[in-house]
Amino acid sequence: MRIDCKHVWEHISAYIDGEVNAELRAEIDKHLETCEICSAVLDSTRNIVVLMADDRVFELPAGFSQRLHARLDKELELAGP
Ligand SMILES: [Zn+2]
């Protein structure tokens with residue numbers, strides 16, 4: 001199984017919460033080792049998850065998600081197809 005960035009983002013919240021299965025976790029770990037974009041996303045997401053931990057609600061602050069995605073789009077563009 002080969003996963004890409006979008007796959008990682010889809011599961012990043014569950015990954016942080018330890019709710020992904022061992023196989024997927026291993027794939028995400030492997031991807032994170034080689035992908036700076038996803039490492040940055042993981043850091044950002046982890047900070048937010050910590051902030052939100054009390055409510056156990058995964059909801060990004062207004063504007064954050066948009067800014068993050070704009071940044072990711074740019075990075076992906078630079079990274080090429
Ligand atoms: Zn990635």
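**Labels and the values behind them**

Guide: Start with V8, which is found in helix α1. Keep in mind that this is a predicted model.

Visitor: What makes V8 buried?

Guide: Its relative accessible area. V8 has 1%. Buried means under 20%. So V8 counts as buried, at 1%.

Visitor: Which residues does V8 touch, apart from those up to four places away in sequence?

Guide: V8 touches I3, I28, H31 and C38. Contact means heavy atoms within 4.5 Å. There is also a distance to R25: V8 and R25 are 17 residues apart in sequence and 9.7 Å apart in space, C-alpha to C-alpha.

Visitor: Why is W9 called buried?

Guide: W9 lies in helix α1 too. Its relative accessible area is 18%. The cut-off is under 20%. Therefore W9 is buried, at 18%.

Visitor: What does W9 touch, not counting residues up to four places away in sequence?

Guide: I37, C38, V41, L72 and L76.

Visitor: How do you know that the length of α1 fits a helix?

Guide: Count and compare. α1 has twelve residues, and at 1.5 Å a residue they should span 16 Å. The end C-alpha atoms are 16 Å apart, so the two values agree.

Visitor: What makes the buried residues of α1 line one face?

Guide: First, the list. C5, V8, W9, I12, S13 and Y15 are the buried residues of α1. Seen down the helix axis, they fall within an arc of 160 degrees, so they line one face. On the other side of α1, K6 and E10 are exposed. Just after α1, G18 takes a positive phi of about 70 degrees.

Visitor: Which residues of α2 are buried?

Guide: L24, E27, I28, H31 and L32. Their arc, seen down the axis of α2, is within 135 degrees, so these buried residues line one face of the helix. A22, E23, K30, E33 and T34 are exposed on the other side.

Visitor: Why does H31 count as buried?

Guide: H31 lies in helix α2. Its relative accessibility is 10%. Leaving aside neighbours within four places in sequence, H31 is in contact with R2, I3, D4, C5, V8 and C38.

Visitor: What are the protein donors of the zinc ion?

Guide: C5 (SG), H31 (NE2), C35 (SG) and C38 (SG). They lie 2.0 to 2.3 Å from the zinc ion. A donor must be an N, O or S atom within 2.8 Å here, so these distances qualify. The spacing of the donor residues in sequence is C-x25-H-x3-C-x2-C. Both C35 and C38 are buried.

Visitor: Why is the zinc site called tetrahedral?

Guide: Look at the angles. Among the four donor atoms they are 103 to 111 degrees. Four donors count as tetrahedral if all angles lie between 85 and 135 degrees. The site of the zinc ion is therefore tetrahedral. The ideal angle for four tetrahedral donors is 109.5 degrees.

Visitor: Which members of the largest nonpolar core touch the most other members?

Guide: V8, W9, I28 and C38, out of 17 residues in that core. The elements giving two or more residues to this core are α1 (5-16), α2 (22-34), α3 (36-52) and α4 (64-79). α1 gives the most, with five residues. In soluble globular proteins, nonpolar side chains tend to be buried together.

Terms used:
Residues are numbered from 1 along each chain as its sequence is written. This is a predicted model: local features need pLDDT of at least 70, side-chain atom pairs count only at pLDDT 80 or more; totals for chains, interfaces and linings use all residues. Side-chain values use heavy atoms; hydrogens and water are left out. A nonpolar core is a set of buried Ala, Val, Leu, Ile, Met, Phe, Trp, Tyr and Cys residues joined through side-chain atoms within 4.5 Å. Buried means under 20% relative accessible area, exposed over 50%, partly exposed in between (1.4 Å probe, protein chains only). Helices (H or I, at least four residues) and strands (E, at least two) are DSSP runs, numbered from the N terminus. Donors are N, O and S atoms within 2.8 Å of the metal (3.2 Å for Na, K and Ca); water is not among the atoms, so sites may look incomplete. Four donors count as tetrahedral if all angles lie between 85 and 135 degrees; four count as square planar and six as octahedral if opposite donors are over 155 degrees apart and all others between 65 and 115; anything else is irregular. The arc is that of the directions from the helix axis to the C-beta atoms. The expected span of a helix is 1.5 Å times one less than its number of residues.
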